[in-house]
Amino acid sequence: MPINDEHIDHYREHGYAVVEGLLTADEVQRTLDEIESLRPGWVDFVRDPTAARPADWARTETNRRQVRFPFPGEQLNRNTLHPELRRFASIMAGGNPIVCEQSDLSLKSFGHPADQEQHMHCDYVNHTLTYPPDLPRYWQTAYLLYYTDVDEELAPTAVCSKKHYPERILVPAVYSPDARPTLYENEVKVTVPAGSVLAYSMRTFHRGTRFKREGGRLGQFVTYAPAGCPWVGIVGWPEQAVYRSFRRWIETATLDERELLGFPEPGHPYWTEETLDGVAARYPGMDMSPYRAGVRPNGTLPKSGD
């Protein structure tokens, strides 16, 4: 099933959309065949959890970091660059050019190290060095493709409509159930057949849930971002921005030092009232005055104006 106007409208209204049957049964099977060649034993184990565990079963949830694009086969790469995923991400980015910034596998099962009850969170913490504004020009669209059926007991992804977090600046990016129970009370569990996809954004609160019975889940994370924005992308420096030590470095670095990592310079079109406030909230120890003034401390124009 292609992504249609109903999916687009739901995404814009709620911050996420679920598309069932994006991939055909043949495409799903070819994908599973490739996963089996990459991680022998996982497909059979997910199909029959009473079977022997794969030899690499105990790898942590970061196992997808070792299996990412480009893949040895063809189908996983085709899924990564699926024309519907690209079309949808481009629409959300205002029709501007986009790039693929992430494509990696996710394999987990009952009792696996990745079998965790996560807190509600937004993904921007490791997808951008800055803050994700509510502007198409800088919009990142994330997808989770499901290659096995997911029911209520097989660790469905939980997602919450943005109607339940209407604040202007989404900082902090993580909430426990005690800190913000309404996110959990209004979450929707994504239960889908194999071949489906969840689309969400860097501004969407969501979380992984635990398995409630023996079984497994095979999937793939794919994320698109607008082109020409070196401060975004999980493959690179933004992935480190989730760590406190890196955030402290960002706060105390010079303008030039930040820009060497792709951080937008003062005067860049990225800077708006929303992004200035968002970055200030994310990095409370950073001197935002050069960015608010749009010039460097010595009064010179930003690099883009040279």
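Arginine 168 and aspartate 277 form a salt bridge in which the closest N and O atoms are 2.9 Å apart, a salt bridge being a side-chain nitrogen of Lys or Arg within 4 Å of a carboxyl oxygen of Asp or Glu. Because arginine 168 lies in the loop between strand S5 (157-160) and strand S6 (174-175) while aspartate 277 belongs to helix H9, the pair ties together parts that are 109 residues apart in sequence. Arginine 168 is partly exposed, with a relative accessible area of 44%, and aspartate 277 is likewise partly exposed, at 23%; buried here means under 20% relative accessible area, exposed over 50%, and partly exposed in between (1.4 Å probe, protein chains only).

The model is predicted, so local features need pLDDT of at least 70 and side-chain atom pairs count only at pLDDT 80 or more, whereas totals for chains, interfaces and linings use all residues. Residues are numbered from 1 along each chain as its sequence is written, and side-chain values use heavy atoms, with hydrogens and water left out.

Helix H9 covers residues 273-282, and its buried residues are Glu274, Thr275, Leu276, Gly278, Val279 and Arg282. These buried residues pack against helix H10 (289-293), where contact means heavy atoms within 4.5 Å. Helices (H or I, at least four residues) and strands (E, at least two) are DSSP runs, numbered from the N terminus.

A search of the whole structure finds 14 salt bridges. In one of them, the side chains of arginine 39 and aspartate 56 meet at 3.2 Å, N to O. Arginine 39 sits in the loop between helix H2 (25-38) and helix H3 (42-47), and aspartate 56 in the loop between H3 and helix H4 (75-80), so this pair ties together parts that are 17 residues apart in sequence. Both arginine 39 and aspartate 56 are buried.

A further salt bridge joins glutamate 187 to arginine 207, with the closest N and O atoms 2.8 Å apart. This pair links distant parts of the chain, since glutamate 187 is in strand S7 (residues 187-190) and arginine 207 in strand S9 (residues 206-207), 20 residues apart. Glutamate 187 is buried, with a relative accessible area of 18%, and arginine 207 is buried as well, at 7%. Salt bridges that share partners join Glu117, Glu187, Lys189 and Arg207 into one network.

Elsewhere, Ile8, Tyr11 and Arg12 in H1 meet Phe88, Ile91 and Met92 in H5. By class, this contact has 5 nonpolar, no polar and 1 charged residues (Ala, Val, Leu, Ile, Met, Phe, Trp, Tyr, Cys and Pro count as nonpolar, Asp, Glu, Lys and Arg as charged, and the others, Gly among them, as polar).
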